[in-house]
Amino acid sequence: MAHCLGSRKGGLARLGGRGSATFVSDPKYMGVSLHELVDAGNAASHEDRLTYLFLADATTMADVERPLLALDLAEEPGRTFRVPPRWYADVSANLTIANMDFAEFANAIDRSDTYRGFDGD
């Protein structure tokens, strides 16, 4: 996993940028497991701790729809679902302002573990 977006509720991701999400593209993240990302999140200081990540992994790059992998780092660390670019802004914005929880999106996935809106389109 070489590309990711990270954020925390109501705050700034501390992955080297500003704003509610920070893009990271670094070869040192290639081959990093979800477990390692969760462990790194748990080891971070409170002010640097992220709530979730959106990862562009091998599946993202191979799938014509380019679904990112959403990873919960807070409520249910390690829980994941896929989110196509069409839905990324909705999911990210609602998580960032704490309007909705990660589980609400994860509970609305289809058979391919992909969130496609609450109406399933």
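Leu55 has Leu69 of β4 as its bridge partner. This pair belongs to the antiparallel pairing of strand β3 (residues 52-56) with β4, joined by four bridges. Strands count as paired if DSSP finds at least two bridges between them. On this predicted model, local features need pLDDT of at least 70 and side-chain atom pairs pLDDT 80 or more, while totals for chains, interfaces and linings use all residues. Numbering starts from 1 along each chain as its sequence is written, and side-chain values use heavy atoms, without hydrogens or water.

**Strand β4**

β4 also runs antiparallel to β5, again with four bridges. Here Ala70 is partnered by Phe81 of β5. Five of the five residues of β4 (residues 68-72) are buried, so the strand is largely enclosed by the rest of the structure. Buried means under 20% relative accessible area, exposed over 50%, and partly exposed in between (1.4 Å probe, protein chains only). Leu68, Ala70 and Asp72 point one way from β4, and Leu69 and Leu71 the other way. In a regular strand the side chains alternate between the two faces of the sheet.

**The chain**

The chain has four helices and five strands. These are DSSP runs numbered from the N terminus: helices are H or I with at least four residues, strands E with at least two. The order from the N terminus is β-β-α-β-α-β-β-α-α. Of the 121 residues, 40% count as buried.

**Salt bridges**

The model has four salt bridges. Each needs a side-chain nitrogen of Lys or Arg within 4 Å of a carboxyl oxygen of Asp or Glu.

| Pair | Closest N and O atoms |
|---|---|
| Glu65 and Arg116 | 2.7 Å |
| Asp110 and Arg116 | 2.5 Å |

Asp57 lies in the loop between β3 and α2 (58-62), and Arg82 in strand β5, 25 residues apart. Asp57 is buried at 11% relative accessible area. Arg82 is buried too, at 12%. Arg82 touches residues including Thr59, Pro67, Leu68, Asp113 and Tyr115, leaving aside residues up to four places away in sequence. A contact means heavy atoms within 4.5 Å.

Glu65 forms a salt bridge with Arg116. Glu65 sits in the loop between α2 and β4, Arg116 in the segment after α4 (102-106), 51 residues apart. Glu65 is partly exposed at 33%, Arg116 at 21% and Asp110 at 29%. Shared partners join Glu65, Asp110 and Arg116 into one salt-bridge network.
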